[in-house]
Amino acid sequence: MHFNLNEEQVQFADALKRWIGRDYSFEQRRAIIASPEGTSSQAWARLVELGMTALPVPQEQGGFSGGATDMFVVMRELGRALVVEPYLATVLGAQFLKLGGGHGALLEAVATGELKMACALGERQSRHDLRDILTRAERDGAGWRLDGEKNVVIHGAEAGVLVVSARTGGAQRDEDGITLFAVPADAPGLRQTAYRGLDGLRAADLRFDGVVLPPDAVIGQAGNGWELLEHGADYGAGLLCFEALGAMEALFDATLEYLKTRQQFGVPIGKFQALQHRMADMYIHLEQARSMALLVAVKLDGADAAERRQVAAAAKYRVGEAARFIGQQAVQLHGGMGVTDELAASHYFKRLTTIDLTLGDRDHHLARFMAQPGFQRAP
Amino acid sequence: MDLHYSDEDLAFRDQVRAFLDSHLPKDLQAKVLQHLRLDKDDFVRWHRILARQGWVAPAWPREFGGPGWTALQRHIFEEECARAGTPRIMPFGIDMVAPVIMAFGSQEQKARLLPRILSCEDWWCQGYSEPGAGSDLASVKTTAVRHLDADGEHYIVNGQKTWTTLAQHADMIFCLVRTDASVRKQEGISFLLIDMHAPGVTVRPIIMLDEDHEVNEVFFDNVRVPAANLVGEENRGWTYAKYLLGHERTGIAAVGRSKRELGLLKRLARREHKNGRPLLEDPLFAAKVAALEIELMALDMTVLRVLAQAGKAPGPEASVLKVRGTDIQQMLTELMLEAAGPMALPFDAAYLEGEQEHSVAGDDAAAPLASYYFNYRKTSIYGGSNEIQRGIISQMILGL
């Protein structure tokens with residue numbers, strides 16, 4: 001039993017750190033967010049060059065077959081620097097393709113960096129419940145015809161291909177009758193309304209009006225998409241935990257530094273016991289969140305679906321708790337500066353807040369944890 | 001990263017399980033699982049069963065009678081004991097004074113005292129705290145003045161210790177005593193071993209809020225202690241005391257016991273009903289249980305992460321384990337109390353002491369839960385209060 005990173009993982013992390021130190025400072029990030037595109041083609045090119053897009057793609061499609069612990073390393077570094085590029089959206093899209101089988105050409109294009117992806121899973125009424133789907137796909141000759149709306153699709157307007165959940169049967173909240181589709185962004189009948197999120201990431205609302213899809217647009221099996229959807233969403237929740245851990249580490253370090261330098265009443269404010277204890281509590285939250293992020297990293301690739309569900313729900317809940325506590329306290333400890341746009345702390349706070357609202361918030365995952373047989377069955 | 005136990009570790013776990021199955025007396029196990037009060041015989045009985053197996057001092061080196069286990073094996077052993085519901089091995093001899101004697105004691109002390117600790121011939125208690133020195137241990141006032149007379153060199157000890165756990169059973173006490181009042185307060189302290197049966201030692205019970213007699217005041221009135229009972233050098237006791245405090249690492253989190261109690265909490269919450277449904281299906285109650293279970297999962301991983309650095313010097317990370325571990329223990333007792341509901345109200349000392357087979361109120365599971373809840377308020381206070389631990393984290397880890 002050990003918690004050490006392997007040599008390749010250390011190399012990936014170092015390469016990312018070097019690139020971020022040079023090209024993705026807080027000021028450079030600020031300029032990227034303010035640009036019309038909201039993302040940076042140079043940054044994307046560097047991520048591709050560093051092998052990040054190839055990392056999770058299977059070797060048969062030109063990737064490195066990286067597992068969740070490899071992604072832990074990468075997402076943590078991206079979280080530390082609050083990188084706003086469509087990386088998570090792309091690798092999550094690729095994960096759905098991987099889990100569904102087929103779509104080798106798309107996976108190859110992800111590995112080479114030509115293809116960015118996004119996942120259109122949420123709807124206005126669904127809140128965090130991914131099975132609550134009104135978007136419908138009807139048989140259309142050999143293929144399908146897609147109608148409906150998806151909301152707050154992260155990087156929905158930057159993607160070349162979208163993973164879209166739709167109902168091909170069943171009632172609004174049934175697990176049966178769900179199908180996932182790979183939909184080209186330029187398909188006729190697909191309209192995008194793009195905007196910027198409070199965390200600096202781009203997002204879009206999507207409308208599908210009679211979008212015609214070929215038979216092979218289906219990911220996995222038509223009508224049996226729930227298992228795939230849930231499995232992929234757990235993977236995404238895991239990636240968010242890793243990113244949140246990186247963001248919390250950076251925010252924690254910045255806050256600690258501030259406590260040691262900021263003077264009030266003639267001493268560094270870190271000399272005051274009330275603030276010391278607050279910082280100690282933040283540290284305890286950080287350690288507990290780190291433990292859960294590591295646990296989910298190890299369990300995501302496992303074959304035991306029940307265990308994966310339970311751990312993913314637990315991790316997303318616990319990391320969400322830590323993210324809220326550390327985010328709020330960091331802002332408080334920074335005093336007036338903490339609530340300004342000028343300081344990085346407020347940007348970390350915003351990203352940590354939106355991570356909790358993405359792919360299921362704390363309440364959602366706590367309820368999900370409670371519903372698992374592993375919770376109800378007493379040991 | 002690899003979180004799997006090796007085949008050797010799994011085989012070790014099976015070996016421990018098989019031993020506990022066959023050697024843990026059922027009546028002792030029942031008392032532990034039911035939260036009844038254990039008497040001295042209960043503790044000594046289990047201590048001697050483990051001692052016969054050579055397992056009573058998992059952390060001791062082989063030369064002194066330890067089993068030679070790895071840190072991970074010790075962790076597995078603790079977990080399995082907790083799961084099975086064994087009585088605790090009282091830490092005062094095995095885990096506290098023994099490592100100090102091994103590290104700083106004389107050959108004579110090692111040869112005389114360590115075998116008696118292993119066999120439980122001596123029951124030890126801890127003489128650190130005083131009425132004026134709780135978390136601020138460097139303020140101890142109990143004095144030890146050195147004399148030489150016809151019977152040889154000895155100390156005359158005067159003063160008072162308090163919160164002395166199970167001193168009513170004890171044969172020996174290890175004390176921090178002041179041997180030099182003229183220097184900086186940390187530099188005038190010595191580490192002295194005192195016979196509890198010596199003339200001038202008085203033990204007075206302190207009855208706690210659960211009406212249990214677990215701690216005591218210990219008074220020393222001109223107690224004569226042979227100079228041979230000084231551990232290490234005079235006035236170096238503070239160093240030894242700190243060594244002792246840093247010795248305890250992962251066991252302090254008590255993850256194994258909390259896992260067992262979580263199981264009990266769920267069984268209770270399934271048995272009790274609210275609005276005609278099992279309490280565990282009540283969303284408000286279940287959410288509290290679930291949040292606690294996740295907290296325990298995280299602590300379990302945190303402990304394993306600390307274990308993975310085994311071999312490094314004991315560090316302040318134990319403070320994180322203490323704060324979280326005791327918070328979780330307290331929350332568990334609180335939820336058990338809530339699960340029992342009004343049935344937790346009756347107080348039945350005779351049942352708790354094992355003097356009758358069933359509780360007066362007729363709910364044996366619920367009867368001890370209020371006492372358990374009240375008793376466990378101590379955990380965030382003893383061993384350096386959780387506020388002190390936060391101070392250690394902020395100063396030693398964060399450098400504030």
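Modeller: What follows sets a few computed values against their definitions.
This is a predicted model, in which local features need pLDDT of at least 70, side-chain atom pairs count only at pLDDT 80 or more, and totals for chains, interfaces and linings use all residues. Residues are numbered from 1 along each chain as its sequence is written, chains are lettered from A and ligands numbered from 1 in the order in which they are written, and side-chain values use heavy atoms, with hydrogens and water left out.

Colleague: Why is H9(A) called roughly perpendicular to H9(B)?

Modeller: Helix H9 (residues 305–333) of chain A and helix H9 (residues 283–308) of chain B pack at an angle of about 95 degrees, with their axes 10 Å apart. Because angles of 65 to 115 degrees count as roughly perpendicular, H9(A) is roughly perpendicular to H9(B).

Colleague: What makes H9(A) roughly antiparallel to H11(A)?

Modeller: H9(A) and helix H11 (residues 362–371) of chain A pack at an angle of about 150 degrees, their axes being 8 Å apart. Angles over 145 degrees count as roughly antiparallel, and therefore H9(A) is given that label relative to H11(A).

Colleague: What makes the pairing of the side chains of B:Glu79 and B:Lys259 a polar contact?

Modeller: The two side chains are paired at 3.2 Å, and a polar contact is a pair of N or O atoms within 3.5 Å, where, within protein, one must be able to donate a hydrogen and the other to accept it.

Technical notes. Axes fitted to C-alpha atoms, helices over the stretch in contact; angles between N-to-C directions. Helix = DSSP H or I, 4+ residues; strand = E, 2+ residues; numbered from the N terminus. Parallel < 35°, antiparallel > 145°, perpendicular 65-115°, else oblique.
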